[in-house]
Amino acid sequence: MAVGQVGFHDPKQTRLVHVPTRQNPIINRLNKTRTIASADTLFAEKEAHLAELRQKAREKAKEVRKEEERVKRERKEEKWRREHAYEELMGGEGGRSNEEGWDEEDFM
C-alpha cells in the first residue's frame, strides 16, 4: 500500500463518484491551502507538543505540592496554637503550685 493511500475494510460499501470535468477554481483553492510536511517535521512537531504537555503537567504538580505544603504548614501552626493557647494567659512561670510549698493550710 502506498503512502497516503486509503484502504477500506469492505470495498463493496465504497461509493465512487465520477467527475466529468476538472474544476480549476476548486483545485486552485485547495492548492493554496496545501501544506507539504515531511515525516521529520511531523515527528519534531509531535515531540514539541508532548514536551509542552509534560512541562504543563510538571508545573501543575509543582503547584499542587506547594498547596499541600502550605496546608500542612497551616495545620501545624494551628495545632501549635491549640496546644499553647493558655501559655499567654498564664504568663508562663507566673503561677504557683503545691510542690513549691503553698498548702491549703496556709490559706486561712
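**Entry 1: a first pair.** I began with Glu52 and Lys56, whose side chains meet in a salt bridge at 3.4 Å, N to O. I take a salt bridge to be a side-chain nitrogen of Lys or Arg within 4 Å of a carboxyl oxygen of Asp or Glu. Side chains of opposite charge can pair when their charged atoms come close. Both Glu52 and Lys56 lie in helix H2, four residues apart, about one turn of the helix. Helices here are DSSP runs (H or I, at least four residues), strands are runs of E (at least two), and both are numbered from the N terminus.

**Entry 2: the model itself.** I noted that this is a predicted model, in which local features need pLDDT of at least 70, side-chain atom pairs count only at pLDDT 80 or more, and totals for chains, interfaces and linings use all residues. Residues are numbered from 1 along each chain as its sequence is written, and side-chain values use heavy atoms, with hydrogens and water left out. The pLDDT is the predictor's confidence in each residue, from 0 to 100. I read a chain average of 85, with 82% of the residues at 70 or above. Helix H2 (residues 39-83) has the highest mean, 96, and helix H3 (residues 87-90) the lowest, 72.

**Entry 3: layout and surface.** I found three helices and zero strands, in the order α-α-α along the sequence. How much of the chain is buried? Buried residues make up 0% of the 108 residues, where buried means under 20% relative accessible area, exposed over 50%, and partly exposed in between (1.4 Å probe, protein chains only). I looked up the accessible surface as well: about 11,700 Å², 53% of it belonging to carbon and sulfur atoms. Accessible areas come from the Shrake-Rupley method with a 1.4 Å probe; for residues, only the protein chains shown count as cover.

**Entry 4: back to the first pair.** Glu52 is partly exposed at 44% relative accessible area, and Lys56 is partly exposed at 48%.

Entry 5: Glu78 counts as partly exposed, at 35%. Glu78 and Arg81 are three residues apart in helix H2, which means about one helical turn between them. Elsewhere, salt bridges that share partners join Glu67, Arg70 and Glu74 into one network.
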